[in-house]
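I opened my notebook to record a few things that I wanted to look up in this model. The entries follow in the order in which I made them.

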Amino acid sequence: MSQKSFVVALDGPAAAGKGTIGRLIAQEFGFAHLDTGGLYRAVAARMLAGDLDPNDAKVAEAEAKALDAGDLARANLRDEDVGRAASVVAAIPGVRAALLAYQRSFAARPPADARGAVLDGRDIGTVVCPDAPVKIFVTASAEERARRRVAELKAKGEEVDAATILADIKARDERDTQRADAPLKKAADAHLLDTTELAIPAAFAKAKAIIAQRFKT
Ligand code: CDP
């Protein structure tokens with residue numbers, strides 16, 4: 001019988017550094033990594049490509065159920081308009097329900113027989129994997145997160161207006177924390193990792209220490 005997969009739940013608001021920290025954790029411990037935001041972004045990208053309204057709950061749920069591997073590889077997944085639409089479809093309970101089984105099975109049976117899985121998102125520690133042995137809530141001030149997102153977009157050669165990005169981040173925080181279904185919030189048993197003043201290597205070192213206390217190689 002295969003051993004139980006070790007799950008790390010990494011939650012937090014937009015651009016707090018979860019994605020990068022998640023990839024580094026996966027590398028360090030030989031875990032599989034799932035960027036669950038990518039699933040919501042893929043639903044949003046499908047809808048934008050088909051000129052569909054992301055607020056239409058019925059259509060959004062059908063699109064979430066029809067998601068395929070090609071959608072997860074769309075080139076525009078990280079674009080700002082896709083991120084914005086993602087946080088709109090993510091508030092629709094039918095969309096969340098459609099994506100839940102995939103996330104749970106990834107956590108329980110990670111690909112390539114990995115010994116564990118790290119999932120990053122908004123509701124991993126609260127809803128998707130409430131029994132995860134390690135939960136980390138990664139956050140940073142809205143201003144610092146906006147600064148990082150501007151740098152990320154500029155590095156890709158996109159023209160960006162810093163004030164618009166900050167407003168976008170704040171609007172997304174508001175939608176993510178205020179929705180009724182699986183809102184963004186720190187699980188009671190999650191470690192708080194505030195990266196406002198921490199560069200990635202320092203933030204990763206803290207996450208690694210938290211995991212190493214529970215996961216013995
Ligand atoms: O990369 P960034 O932090 O900007 O966002 P993301 O993690 O790619 O997620 C995009 C959107 O999907 C978020 O604004 C959330 O509304 C939604 N999401 C969610 O509701 N639940 C998750 N587990 C992951 C993302």
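I began with Glu80, which I found in helix α5 (residues 80-89), where helices are DSSP runs of H or I with at least four residues, numbered from the N terminus. I noted that this is a predicted model, in which local features need pLDDT of at least 70 and side-chain atom pairs count only at pLDDT 80 or more, while totals for chains, interfaces and linings use all residues. Residues are numbered from 1 along each chain as its sequence is written, and side-chain values use heavy atoms, with hydrogens and water left out.

Is Glu80 buried or exposed? Glu80 counts as buried because its relative accessibility is 14%, and buried means under 20% relative accessible area with a 1.4 Å probe, protein chains only. Setting aside neighbours within four places in sequence, I listed Arg149, Leu153, Ile165 and Asp168 as contacts of Glu80, contact being heavy atoms within 4.5 Å.

Next I turned to helix α6 (residues 93-108), whose 16 residues should span 22 Å at 1.5 Å a residue, and the 23 Å between its end C-alpha atoms agrees with this; the expected span is 1.5 Å times one less than the number of residues. Among the buried residues of α6 I wrote down Val95, Leu99 and Phe106.

Last, I looked at how helix α3 (residues 57-65) packs against α6, with the axes 8 Å apart and at an angle of about 10°. The two helices are therefore roughly parallel, a term for angles under 35 degrees. Their contact is made by Ala60, Glu61, Ala64 and Lys65 of α3 with Gly94, Val95, Ala98 and Leu99 of α6.

Conventions. Buried < 20%, exposed > 50% of the residue type's maximum accessible area, 1.4 Å probe, protein only. Axes fitted to C-alpha atoms, helices over the stretch in contact; angles between N-to-C directions. Parallel < 35°, antiparallel > 145°, perpendicular 65-115°, else oblique.
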